[in-house]
Each structure stands twice: as C-alpha cells, then as structure tokens.
Amino acid sequence: METVLITGGTGLLGKALTKALLDKGYAVIVLTRESQFAMGSRQWAIGSRQWAIGNGQLASGRISYAQWDLKKQLIDSSAISRADHVIHLAGASLAEKRWTAKRKKEIVDSRVKSGELLVKAMQETPNKVKTVISASGIGWYGADSMIPNPQPFKETDPSANNFVGQICQQWEDSMEPVKEQGKRFVKFRIGVVLSREGGALNEFMKPIKFGIAAILGSGKQVISWIHIDDIVGLFITAIENKQLDGIYNAVTPFPVSNKALTIELAKQKRGKWFIPVHVPSFAVKLIVGEFSSEVLNSSTVSCEKIQHSGFVFKYPAIKDALRQLFANP
C-alpha cells in the first residue's frame with residue numbers, strides 16, 4: 001500500500017482526491033495547519049460522521065494528519081518520510097476575497113512559501129518520495145490575444161506579465177528543485193473546476209436559483225474548464241503512469257463561452273423558466289474588483305499534450321458534464 005501526502009487536502013479538489021485515493025486503496029496523509037488534526041492516524045470527520053470510502057468501509061486506518069506551519073517554515077518530518085508520492089494543492093483562493101495588498105500577499109505566500117517548505121523538507125528528511133505533483137493554474141497564460149479565433153495556449157507558452165501569471169510562475173518555480181532531488185515532477189495547470197460541492201459552479205448558480213441566467217460582460221469570453229472527476233483522474237493517473245513528466249494543461253478538449261456555460265446551466269436547472277441577463281463589465285468590476293480580469297478575460301487552452309499521453313476525459317462536453325453533476329437532486 002503506497003502513501004500519498006496531500007497539501008490543501010481540505011479544499012474542494014483535495015477532498016475529492018482524498019476520497020478517490022482511499023477508494024483505490026492508497027493511504028493518505030493530509031498536511032494541515034490545524035493542530036487538533038495533527039494527532040497521527042485518526043478518522044476523517046465531517047461533523048460527527050466518519051469518512052467512508054466507496055464500498056461503505058471506513059477508511060480510518062488509511063488516513064492520517066500531520067501539521068505544518070508556513071509562517072514558521074515547520075513541517076512534521078515523519079509525514080515526509082512516510083510518503084511515496086506528494087501532491088501539492090495548497091493555495092489561498094483567488095476569488096474568495098477582494099484583492100487588497102494584504103490579500104495578494106496571502107495568495108502569493110500560500111503558494112510559494114508552501115512549495116519552498118516542501119522542497120526543503122524533502123531535501124533535509126530521508127524519504128522514499130518518487131513522485132511530486134503540483135497544482136498550478138491556466139492563469140499562467142493570461143488572456144487570448146486574438147478574438148474571436150484564438151490559437152489555444154500550449155504548455156510551452158510563456159507566463160503572462162500580470163498578477164496571476166506571475167503568481168503561477170512563482171508557484172511552479174518554488175517546486176522546481178525537486179527535480180534536482182531525483183523526483184519525477186508533474187505540474188497541472190488547472191482550468192475552472194466544475195463541481196457541485198463548491199467553487200465556480202456555485203457562483204454561476206446563485207442568480208439561476210432566482211430564474212436569472214447572468215451572462216458576464218460580452219459573454220463571448222472563453223472558459224477552459226474541467227469536471228471534478230476528470231481533474232481527480234488526472235492526478236491519480238500522474239501517480240500511476242510513470243511516463244508522465246513535466247507540465248500538462250488540465251482542461252477539457254471543448255472549452256465554452258461564458259454565455260454558453262451560463263445558458264446550459266440554466267437549462268439543466270430551470271428548463272425553459274429563466275431569463276438571460278447581461279451583466280455589464282463595469283458592474284462586474286464594481287462587484288469583484290481586480291479579480292474581474294479573470295472573469296472577463298477569454299482564455300482558450302489546449303489539452304492535446306495530456307490527450308496524447310493516453311488520458312481519456314469522462315466528461316469532455318459541457319452538456320454531459322452538467323447533466324452528470326445535476327443528475328440527482
């Protein structure tokens with residue numbers, strides 16, 4: 001039984017990935033800042049419920065917690081020594097709060113300092129880690145330069161000279177030294193993750209609940225997205241397929257416009273009973289501030305490289321993805 005160490009294990013992707021790893025028989029160590037969880041092997045609790053895996057069995061024997069502290073640059077070295085694979089997902093949400101100077105520093109530090117701490121820990125602690133997989137984002141690329149017929153961004157394209165582009169570059173750079181330690185290193189530049197458990201889909205749903213399909217700005221901006229099951233599948237594939245190495249875009253083969261996504265979501269949830277409403281760009285900027293650039297910019301990203309590796313998406317088309325996500329009430 002191999003052990004996977006996860007940072008950011010309590011986030012949207014981290015929770016889904018943890019469950020999938022447990023389902024497949026892996027042991028999981030979740031790095032957490034919360035001292036009450038850092039007590040060795042214990043059951044994952046959501047409220048008063050124990051964490052259960054797919055076959056109904058409890059996974060208490062295969063999930064444990066270890067503590068780390070980014071400010072003090074401290075980490076439980078036993079977690080490093082026990083791990084066969086490391087998955088680095090930690091990073092403060094870009095969308096959760098307005099981008100004040102303080103918030104921007106939190107966004108950068110949560111990614112860069114965490115990466116530096118992991119690298120240092122693996123360098124200083126004898127370990128058996130074979131694979132390191134790090135999240136990044138398609139914000140690396142910035143906005144499409146040619147509208148309406150952009151050339152999709154590929155992994156070889158340079159980072160954008162803006163806040164998010166530079167975050168992604170620093171984020172990735174912080175983990176690069178693991179290659180010098182002889183670890184296989186995989187980076188996923190992740191698109192907009194669609195899940196019923198939170199994230200972007202929840203924001204799209206808020207006005208739709210009231211019968212309003214809120215199309216942001218022109219609605220023509222392209223969204224490169226991925227279903228939660230497919231991004232989880234990519235991370236597990238990166239563990240198990242030893243041929244994967246380097247950078248891969250984690251997006252569907254079929255990106256959609258903001259308008260198309262919004263209308264399809266409204267159809268899935270409301271049938272014919274909704275009203276499309278365009279929200280002007282200036283209103284979006286007033287509501288979310290500087291983050292509006294990420295909402296209003298178009299970003300068409302290619303997934304050819306990961307497809308050529310043999311990976312097959314379960315939900316490549318938006319209609320099928322949303323149908324699956326909302327199949328059960």
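Select Arg111 and Trp171 to begin: the charged end of Arg111 sits over the ring of Trp171, at 4.6 Å from the ring centre. Since this is a predicted model, every value on this tour is computed from it.

**Aromatic pairs**

Now display the aromatic side chains. How many aromatic pairs are there? The count comes to six. Select Tyr141 and Phe153, whose ring centres are 5.1 Å apart; their planes meet at 10°, so the pair is stacked, planes under 30 degrees apart being the criterion. Tyr141 and Phe153 both lie in the loop between strand S9 (131-137) and helix H4 (163-175), so the pair ties together parts that are twelve residues apart in sequence.

Phe311 counts as buried at 11% relative accessibility, and Phe313 counts as buried at 8%.

Then select Trp99, Phe163 and Phe291 together: ring pairs link these residues into a cluster.

**A helix-helix contact**

Select residues 200-208 and 258-270, which form helix H5 and helix H7 respectively. The two helices pack at an angle of about 60°, and their axes are 10 Å apart. The crossing of H5 past H7 is right-handed. To see the contact itself, show the side chains on each helix. H5 contributes Leu201, Phe204, Met205 and Ile208. From H7 come Asn258, Leu261, Thr262, Leu265, Ala266, Lys269 and Arg270. Sorted by class, this contact of H5 with H7 comprises seven nonpolar, two polar and two charged residues.

**A backbone feature**

For the last stop, select Gln73 in the loop between strand S6 (63-69) and strand S7 (74-75). What is the value of phi here? Phi of Gln73 is near 55°, a positive value in a residue other than glycine. Most residues other than glycine have a negative phi. With the surface displayed, Gln73 can be examined for accessibility: Gln73 is partly exposed, with a relative accessible area of 24%.

Terms used:
Residues numbered from 1 in each chain as written. Predicted model: local features only at pLDDT ≥ 70, side-chain atom pairs only at ≥ 80, totals over all residues. Heavy atoms only, no water. Phe/Tyr/Trp six-rings, centres within 6.5 Å; stacked < 30°, edge-to-face > 60°. Helix = DSSP H or I, 4+ residues; strand = E, 2+ residues; numbered from the N terminus. Buried < 20%, exposed > 50% of the residue type's maximum accessible area, 1.4 Å probe, protein only. Lys NZ or Arg CZ within 6 Å of the ring centre and 35° of its normal. Axes fitted to C-alpha atoms, helices over the stretch in contact; angles between N-to-C directions. Left-handed = near helix turned anticlockwise from the far one by under 90°. Contact = heavy atoms within 4.5 Å. Nonpolar A, V, L, I, M, F, W, Y, C, P; charged D, E, K, R; others polar.
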